[in-house]
Amino acid sequence: MTEYTTDAPRDPGSQWYDGEAGPLVRPYAVTGGRTKPGPTGVRFDLIALVTLDPGAPGADGDTALGPEHRALIDLCRVETQSVAELAAGADLPVGVVRVLLGDLLELSCVTVSRPVPPAQLPDERILREVIAGLRAL
């Protein structure tokens, strides 16, 4: 019988770490298997702005929050950021960040400013006329 061997270490913890990728944790493990943010089903656009509520706990304040929740709070503490910026800053998939933000919104840790729908934005023709009028002054 042929025995196959590899150069990989037999450390049981090594299967959860990749030297190039870092720790391997599935997104569903971070969100507890949830794919939708909160019971209300709030939808976060990529450009929605997230602001930290002044009463939000600090990085070590609320033990009920996971490390990913606290990372998002710390990112918002510096400045208001979009959902996309938070995902990049926390190095998490956008879907995971949306679920975590839903949790923080329900706990009143953050507020979310929804983007203005395109139908409610001023017409480009009107803006060009205003600019032309200002230049004429």
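Which residue just after helix 4 takes a positive phi? That residue is Ser108, with a phi of about 60°. The structure is a predicted model, in which local features need pLDDT of at least 70, side-chain atom pairs count only at pLDDT 80 or more, and totals for chains, interfaces and linings use all residues. Residues are numbered from 1 along each chain as its sequence is written, and side-chain values use heavy atoms, with hydrogens and water left out. Helices (H or I, at least four residues) and strands (E, at least two) are DSSP runs, numbered from the N terminus.

Helix 4 comprises residues 94–106. At 1.5 Å a residue, its 13 residues should span 18 Å, and the end C-alpha atoms are 18 Å apart, which agrees; the expected span is 1.5 Å times one less than the number of residues. Asp103 counts as buried because its relative accessibility is 14%. Leaving aside neighbours within four places in sequence, Asp103 is in contact (heavy atoms within 4.5 Å) with Arg34 and His69.

Two packed helices are described by the angle between their axes and the distance between the axes. Helix 3 (residues 83–90) packs against helix 4 at an angle of about 110°, with the axes 9 Å apart. Axes are lines fitted to C-alpha atoms, for helices over the stretch in contact, and angles run from 0 to 180 degrees between N-to-C directions. The two helices, helix 3 and helix 4, are therefore roughly perpendicular to each other, a term for angles of 65 to 115 degrees. Val83, Leu86 and Ala87 of helix 3 make the contact with Val94, Val97, Arg98 and Leu101 of helix 4.

Strand 3 and strand 5 run antiparallel and are joined by four bridges; two strands pair if DSSP finds at least two bridges between them. Leu52 stands opposite Val110 in strand 5. In a regular strand the side chains alternate between the two faces of the sheet.

Lys36 is placed in the loop between helix 1 (27–30) and strand 3 (49–52). Lys36 counts as exposed because its relative accessibility is 61%. The C-alpha atoms of Lys36 and Gly102 are 8.3 Å apart in space, while the two residues are 66 residues apart in sequence.

Note on methods. Buried means under 20% relative accessible area, exposed over 50%, partly exposed in between (1.4 Å probe, protein chains only). Angles under 35 degrees count as roughly parallel, over 145 as roughly antiparallel, 65 to 115 as roughly perpendicular and the rest as oblique.
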